[in-house]
Amino acid sequence: MPKYVLQILFDHGANVNKTFKFSRDTLPFIFGAKKALADATMNSASLLMVASGMGNMTAVKVLLNSGADAKYTVKGKLGSHSAKSLALAIDRKDIAKMLP
């Protein structure tokens with residue numbers, strides 16, 4: 001299996017459970033119509049949540065294998081969000097099945 005940039009970062013001490021926020025002004029350009037993901041990122045989304053909400057299976061696998069907290073949730077204006085709920089919001093049942 002090739003080494004992915006995410007894996008290399010985690011191997012060198014990057015925080016797999018880091019959370020972050022985007023400003024309301026940048027969200028339409030980044031996530032477009034993915035309203036649940038945009039709502040989550042305005043309220044401290046995790047890397048796993050973003051990977052799930054973007055449908056990036058490889059990133060989800062690397063994050064889970066590196067110890068990402070799959071149960072982390074955040075409450076936004078549209079309700080509570082988790083990596084699983086964001087995967088389901090874009091109909092990625094394959095990713096959702098990997099998450100609790």
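The following conversation concerns a predicted model of a protein chain.

Visitor: To start, how many helices and strands are in the protein chain?
Guide: The secondary structure of this predicted model comprises seven helices and four strands.

Visitor: In what order do the elements run from the N terminus?
Guide: Read from the N terminus, the order is α-β-α-α-β-α-α-β-β-α-α.

Visitor: Which strands pair in the antiparallel sense over four bridges?
Guide: Strand S3, residues 73-76, pairs in that way with strand S4, residues 79-82.

Visitor: Which residue in S4 is the bridge partner of Thr73?
Guide: The partner of Thr73 is Ser82.

Visitor: Turning to Asp91, where is it found?
Guide: Asp91 lies in the loop between helix H6 (83-89) and helix H7 (93-96).

Visitor: What is the phi of Asp91?
Guide: Asp91 has a positive phi of about 60 degrees, although it is not a glycine.

Visitor: Is Asp91 buried or exposed?
Guide: Asp91 has a relative accessible area of 53%. Exposed means over 50%, so Asp91 counts as exposed.

Visitor: Now the whole chain: what percentage of the residues is buried?
Guide: Of the 100 residues in the protein chain, 38% are buried.

Visitor: What does the accessible surface come to?
Guide: The accessible surface of the protein chain is about 5,900 Å², and 57% of that belongs to carbon and sulfur atoms.

Visitor: Finally, among contacts between residues at least 6 apart in sequence, how many join residues at least 24 apart?
Guide: Among those contacts in the protein chain, 62% join residues at least 24 apart.

Terms used
Residues numbered from 1 in each chain as written. Predicted model: local features only at pLDDT ≥ 70, side-chain atom pairs only at ≥ 80, totals over all residues. Heavy atoms only, no water. Helix = DSSP H or I, 4+ residues; strand = E, 2+ residues; numbered from the N terminus. Buried < 20%, exposed > 50% of the residue type's maximum accessible area, 1.4 Å probe, protein only. Contact = heavy atoms within 4.5 Å. Areas by Shrake-Rupley, 256 points an atom, 1.4 Å probe, with all protein chains shown as cover. Pairing = 2+ DSSP bridges.
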